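Student: Please pick one part of this model and take me through it closely. Give the cut-offs as you go.

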Amino acid sequence: MYLYHPQLRSFMFRLVVWISVADMGAAISIFFGNPQDGTGACYAQAFLQQFFQTASMFWTLAVAVTVQSIWKKKRTIEEAEAAMWKVHALVWGGKQYHVTAISCKYGTISHMCRASDVGHVLHLSSK
């Protein structure tokens, strides 16, 4: 839809597209099915879920903050659009992903592989 309709390629619609990209990444991890605990597929499923679900949450937050800052006239749409590289850096390259990849314990939880020690990860990412 976005590719076929140039009138939808505004800044605000691009924000929604990035939320959709993050949600699609999280959905793709479900296609792994129910991999056996301790396998590469299990680790990949758990990491992809953690990565893309967190990204989806951050994109939703970015939309809310952007809309609020434009609504309250703190910045223009052009200023918000110029700062999008900072949002991308935060969402896709944030410290929490590196901590999750290195220190998180992955395992089968309710028929899917997930990060099983999130409390430990939150503790490390706050340092």
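**Aromatic rings and the pocket**

Tutor: Both F51 and F52 are buried (under 20% relative accessible area; exposed is over 50%, partly exposed in between; 1.4 Å probe, protein chains only). The model is predicted, so local features need pLDDT of at least 70 and side-chain atom pairs pLDDT 80 or more, while totals for chains, interfaces and linings use all residues. Residues are numbered from 1 along each chain as its sequence is written, and side-chain values use heavy atoms, without hydrogens or water.

Start with the rings. Seven aromatic pairs turn up in a search of the whole structure (centres of Phe, Tyr or Trp rings within 6.5 Å, with the six-membered ring for Trp; planes under 30 degrees apart are stacked, over 60 edge-to-face, the rest tilted). F51 and F52 make one of these pairs: their ring centres are 5.1 Å apart and their planes stand at 85°, so the contact is edge-to-face.

W92, at 22%, counts as partly exposed. Ring pairs tie F51 and W92 into a cluster that also holds W18, F47, F52 and W59.

Helix α2 runs over 40-71. Its 32 residues reach 46 Å from first C-alpha to last, close to the 46 Å expected at 1.5 Å a residue (the expected span is 1.5 Å times one less than the residue count). Just after α2, K73 has a positive phi of about 65°.

Helix α4 covers 84-93. M84, V87 and V91 are its buried residues. They span an arc of only 55° around the axis, which puts them on the same side of α4 (the arc is taken over directions from the helix axis to the C-beta atoms). W85 and L90, on the other side of α4, are exposed.

V87 has 19% relative accessibility, so it counts as buried. V87 and W59 lie 28 residues apart in sequence, yet their C-alpha atoms are 8.2 Å apart in space.

The lining has 14 residues, and A62, V65, T66, V87 and L90 come closest to the centre. α2 and α4 each supply at least two lining residues. α2 gives the most, with six. By class, ten of the lining residues are nonpolar, two polar and two charged (Ala, Val, Leu, Ile, Met, Phe, Trp, Tyr, Cys and Pro are nonpolar; Asp, Glu, Lys and Arg charged; the others, Gly among them, polar).

Methods. On a 1 Å grid over the protein atoms alone, a cavity is a set of points where a 1.4 Å probe fits but cannot get out, and a pocket is an open set with protein on both sides within 12 Å along at least five of seven lines; lining residues have an atom within 4 Å of a point. Helices (H or I, at least four residues) and strands (E, at least two) are DSSP runs, numbered from the N terminus.
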